[in-house]
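User: I am new to this structure and would like a close look at a single part of it. Please start with one residue and its contacts, then widen the view.

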Amino acid sequence: SLLQENLSQKITYLLTNRSKIHKMSLEEWKETVGNCATVSTIVQFLVGIQVCMGFYRNKTTGETSCMTFLVGVVMTFVWFNYGKLVDDSTLQTVNGTGLVLQTLYTFCFYNFTPLKIQTGKKIFLTLLIATLVQVYIHNEGDLETAQLRVGLLGASMSIAYCSAPLASIQHVFRTKSTESLPYYLILATVLVTGQWSMYGHIIHDSFVKIPNMIGFTAALFQLSLFYYFPSSSQYKATAII
């Protein structure tokens with residue numbers, strides 16, 4: 001009958017165009033997810049203000065390392081340029097903001113550190129790396145090659161940056177305490193990397209998606225430790241002879 005024929009045609013259309021419909025529905029969420037990820041990441045970047053306020057109160061950086069800020073400078077610089085290469089305004093906005101903040105944090109650190117010569121050398125090395133990246137991008141004639149190489153560099157740095165807190169896991173298992181883990185920072189990392197993983201999936205960019213999925217998994221694992229271990233250790237007073 002005519003009704004059955006029309007129904008059959010609609011079913012066939014839905015089956016053959018299922019991927020296109022799914023893609024369209026994801027595209028509708030691109031701006032919303034991108035804006036949420038941008039705001040969340042900038043809020044996470046602002047945590048550095050609290051650290052710098054500590055430097056100001058103590059008039060010294062103490063035992064704090066400048067590497068977190070310097071790695072942040074290079075990472076946001078690389079991702080900002082990758083955003084320009086792929087013409088993604090969301091990546092440019094969040095990493096441009098992050099680059100400014102991380103640079104300000106670095107200058108604040110330098111102002112209060114007693115190890116100005118060593119810190120100055122590390123800052124010079126950071127500037128050198130950023131300059132080399134910029135020179136490469138400027139001289140690379142093939143856009144796709146530049147996107148691939150800069151994307152790989154950014155992805156590698158993001159994976160290393162997100163995996164760094166895992167160094168504390170051995171201490172957590174040894175002391176049966178999560179006191180050394182920053183709960184709110186880990187929670188923020190779960191939310192931020194989850195949003196960027198979703199955004200990377202929507203724009204079909206593996207360089208954005210995969211590193212953030214790895215970071216999300218690592219942060220989620222750390223967050224789960226708070227369920228199994230208390231925030232203070234009952235073994236604190238135990239002396240090992």
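Analyst: Leaving aside residues up to four places away in sequence, Ser 158 touches Met 75, Trp 79 and Pro 211. The model is a predicted one, and these contacts are computed from it. Ser 158 itself lies in helix 8, which covers residues 143-163. Is Ser 158 buried or exposed? Its relative accessibility is 11%, and because the cut-off for buried is under 20%, Ser 158 counts as buried.

Next comes helix 5, which spans residues 67-85. From its first C-alpha to its last, helix 5 reaches 27 Å, and its 19 residues would be expected to give a length close to that, 27 Å at 1.5 Å a residue. Of those 19 residues, 14 are buried, so helix 5 is largely enclosed by the rest of the structure. Just after helix 5 comes Asp 87, with a positive phi of about 55°.

Now the protein as a whole. Its secondary structure consists of 11 helices and 0 strands, so the order of elements from the N terminus reads α-α-α-α-α-α-α-α-α-α-α. The protein has 241 residues, and 36% of them are buried. Among contacts between residues at least 6 apart in sequence, 78% join residues at least 24 apart. The accessible surface comes to about 15,200 Å², with 66% of it belonging to carbon and sulfur atoms.

How values were computed. Residues are numbered from 1 along each chain as its sequence is written. This is a predicted model: local features need pLDDT of at least 70, side-chain atom pairs count only at pLDDT 80 or more; totals for chains, interfaces and linings use all residues. Side-chain values use heavy atoms; hydrogens and water are left out. Helices (H or I, at least four residues) and strands (E, at least two) are DSSP runs, numbered from the N terminus. Buried means under 20% relative accessible area, exposed over 50%, partly exposed in between (1.4 Å probe, protein chains only). Contact means heavy atoms within 4.5 Å. Accessible areas come from the Shrake-Rupley method with a 1.4 Å probe; for residues, only the protein chains shown count as cover. The expected span of a helix is 1.5 Å times one less than its number of residues.
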